[in-house]
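Take a look at the chain below.

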Amino acid sequence: MDYTTLAGEKSDHAGRVNELESALVRSLKSTPESCPTLEIGFREGGSTIYTLGTMLSLGQHRKMVTMDVGGSMNDEIAGLMDSNAVPHENYSMTQEDFIREKAGLYTWGWVYFDADHRQNECSRDMKLIAPYLAEGCILAVDDVNLWDEVPDFSDAGLKLVPELTYQEPGHPKPHFMAWVKQ
Ligand SMILES: C[S@@+](CC[C@H](N)C(=O)[O-])C[C@H]1O[C@@H](n2cnc3c(N)ncnc32)[C@H](O)[C@@H]1O
């Protein structure tokens, strides 16, 4: 199974889903396998498939939690997870409701925000979930180029990892940024 190709077909990232790679691998190697992954903004599951493939390539079978206001897990991706003995949960709700009601369900081993891209709302939710991240967990955020500024999250125990920033060629602002839980 070529998870990267399949992920690219289902993502609006136009084949750029592997921008996640360094952040994801670092997080999966730094946190216990008992800590699930979380994707906020599943849509058709492009980055979920990429996460699954990366996790399996490391020999891990963590629980994967996904959520999106727009829908539920599709059978194809659920089947891929089931056939690889990867437990999974999917929630259909808003990002804010998920963070307020579900963020404390687990100690997370990887968190990817790709839903509500507004600076204030995303920053609020990053701070709210920060207490529930395992030490060494990477919290990655897509489309930060839409923000006016990148706040300092050190009070929440989140330290920016500059080498994980992805900036598209020719673009004035970074597109993808990542923080590590300390
Ligand atoms: C850019 S897409 C996600 C793409 C996906 N990560 C991928 O790689 O294919 C953003 C998704 O976030 C969802 N979304 C947007 N705002 C949201 C909110 N406030 N709460 C929950 N989901 C939201 C949308 O329904 C959409 O499916």
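**The whole chain**

The model is predicted. Its chain has six helices and seven strands. Along the sequence they follow the pattern α-α-β-α-β-α-β-α-β-α-β-β-β. The radius of gyration is 15 Å, close to the 16 Å that the globule rule gives for 182 residues, so the chain is as compact as a globular protein of that length. Along the principal axes, the C-alpha atoms fill a box of roughly 40 × 35 × 30 Å. Of the 182 residues, 41% count as buried. Now take the contacts between residues at least 6 apart in sequence: 76% of them join residues at least 24 apart.

**Strand E1**

Which residues cover the two faces of strand E1? Thr37 and Glu39 lie on one side, Leu38 and Ile40 on the other, and all are buried.

| E2 | 64-67 | parallel | four | Thr66 |

From E1, the chain crosses through helix H3 (residues 46-57) to E2. This β-α-β crossover is right-handed.

**The ligand shell**

How many residues surround the ligand? There are 17, and the closest are Gly41, Arg43, Gly46, Val69 and Gly70. By class, the shell has two nonpolar, eight polar and seven charged residues.

Definitions and conventions:
Residues are numbered from 1 along each chain as its sequence is written. This is a predicted model: local features need pLDDT of at least 70, side-chain atom pairs count only at pLDDT 80 or more; totals for chains, interfaces and linings use all residues. A residue is near a molecule or strand if its C-beta atom, placed from the backbone, lies within 6 Å of it. Ala, Val, Leu, Ile, Met, Phe, Trp, Tyr, Cys and Pro count as nonpolar, Asp, Glu, Lys and Arg as charged, and the others, Gly among them, as polar. A residue is buried if 20 or more other C-beta atoms lie within 10 Å of its own, exposed if 12 or fewer, and partly exposed in between; C-beta atoms are placed from the backbone. Two strands pair if DSSP finds at least two bridges between them. A crossover is right-handed if, with the strands pointing away from the viewer, the path from the first strand over the helix to the second runs clockwise. The radius of gyration is taken over C-alpha atoms; the globule rule is 2.2 Å times the number of residues to the power 0.38. Two residues are in contact if their C-beta atoms, placed from the backbone, lie within 7 Å.
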